[in-house]
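Welcome! Let's take a short walk through this structure and look at some of its charged side chains.

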Amino acid sequence: MRINNISILNYRNLADVDVALSPKINCFIGSNGMGKTNLLDAVYYLSFCKSAVTVSDNQNIMHDAPFFMLQGAYCSDSGIDEEVSCGFKRGDKKQFKRNKKSYERLSDHIGTVPLVMISPADNELIAGGSEERRRFMDVVISQYDKEYLNALIRYNRALQQRNVLLRGEREPDSEMLSLIEDMMVVEALRINAGRKQFIEELVPVFADFHTAITGGGESVSLRYRSDLNEGDLSALLRDSRADDRRLGHTTRGCHRDDLVMQLNGYAIKKEGSQGQNKSYLVALKLAQFHFLRCKGGETPLLLLDDIFDKLDSSRVEQIVNLVSGERFGQIFITDVNREHIDSILECINGEYKLFEVVTGGVELIKER
C-alpha cells in the first residue's frame, strides 16, 4: 500500500497542504514546531481514525477553525486505487469515508491502510505502564484480525459493565455479575490466544532485526504475561469479587496483561541505555512491520518520526539500509537536521522526495 497524495485542511498547525508523494522515500525537514510530526500524524489518522498524538479530536483542529479535513489517495500493492477521507467539525461526529462511502463503524476501517509508526513516544513502551504494551499488541493484531478487534471491543464493554456494578451503592447482584463475567471469559480467551500467538511469532523476527541493527553481542526477549496463563479466569473473577468491590474496579483479566521486555536477560527498563532502548524499540517496530506485511497481504506504510537521535552512526546506517531495501515499501522520515537527512539519502539508490516544512507549509526542495 502507498499513498500518492495527501490533502490536509486545518489539521493542527497545517492550514492548507496538498502534497504529491514519492512511492518510496519521503523526507521532511524543518525546525521543531513547524509541523513535521503533524503531517505524519495526519497520515496516521487516515489509517487508524484517530491521532497518535492527541486523545480529543477538538485538539486536532487548527486554532479558530471550525473543522479539519484529511484526504488520501492510495494505491494497493495490486494496483487498485483507494480514496480515504475524514472530516470533523467542532461539536459534531467525525465522518470517515472510503471511496466516498461512509463507514457504519470506524472499527471497520482498521487494517485497510496498514501502518507502522516509530517515534520518540515509543519510549513509553519501555518506561510506561502495562497499558502501553497492551496497546502495542492490540494495534498490530487488530490490523489483520477483525475478530480479535471485535472481541476486544466486546470484552471492554463487559469490563465496563462489571466495574459499574462494583462501584454501585448497592451490593452487586451475583447472577448479573456471573453473566457479565461469562461474557468477559469468552472474549478474553480469544484475546489471549491472539496475543500469545502474536508474541511467539514476533520474537524470532524481532531478534533478527535487533542483530541486524546492532551487529550482535546483545540478546533481546519478549515474554507475554497474563492472568489467563496462570489459571481459570472464571474462578479468578469470582474469587476477586470482594476485593474488586472494595477497590471499585476489576483486578483480574486480560486488561491487566503485560509484556516483559528484556535485554541480555535483564529488564530493559532498568538496564538499558538511551541508545540500547532506541535500538530495541526500532527493532521491535520493524518486526511489527514484517509481521503485518506477512499476515495482512499489503505492505504497510512506515513512518519514522525523529528516530535517529541517540543512535550512533553505524546503527543509523544499518537502519537506513534495512528500510530502503525491497522488504519495505513507502517510507516517511522526519528530522530537524538537513545534513543528517542528506547523509541518509546518500545511502539510498532509489526514488525519494525531500520536503521542507515551515510554519505549517510544505515545499518540495529535492527529488530523484
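A residue counts as buried under 20% relative accessible area, as exposed over 50%, and as partly exposed in between. Keep in mind that this is a predicted model.

Next, find Lys-100, which forms a salt bridge with Glu-83, with 3.3 Å between the closest N and O atoms. This pair links distant parts of the chain, 17 residues apart: Glu-83 lies in strand 5 (residues 81-89), while Lys-100 sits in the loop between strand 6 (95-98) and strand 7 (101-102). Lys-100 has a relative accessible area of 63%, so Lys-100 is exposed.

Now move along to helix 11 (residues 338-346), where Arg-338 and Asp-342 are four residues apart and therefore separated by about one helical turn. These two residues form a salt bridge, their closest N and O atoms being 3.0 Å apart. How accessible is Arg-338? Its relative accessibility is 35%, so Arg-338 counts as partly exposed. Asp-342, at 22%, is partly exposed too.

Some salt bridges share partners, and in this way Arg-162, Glu-181, Arg-241 and Asp-244 are joined into one network.

Definitions and conventions
Residues numbered from 1 in each chain as written. Predicted model: local features only at pLDDT ≥ 70, side-chain atom pairs only at ≥ 80, totals over all residues. Heavy atoms only, no water. Salt bridge = Lys/Arg side-chain N within 4 Å of Asp/Glu carboxyl O. Helix = DSSP H or I, 4+ residues; strand = E, 2+ residues; numbered from the N terminus. Buried < 20%, exposed > 50% of the residue type's maximum accessible area, 1.4 Å probe, protein only.
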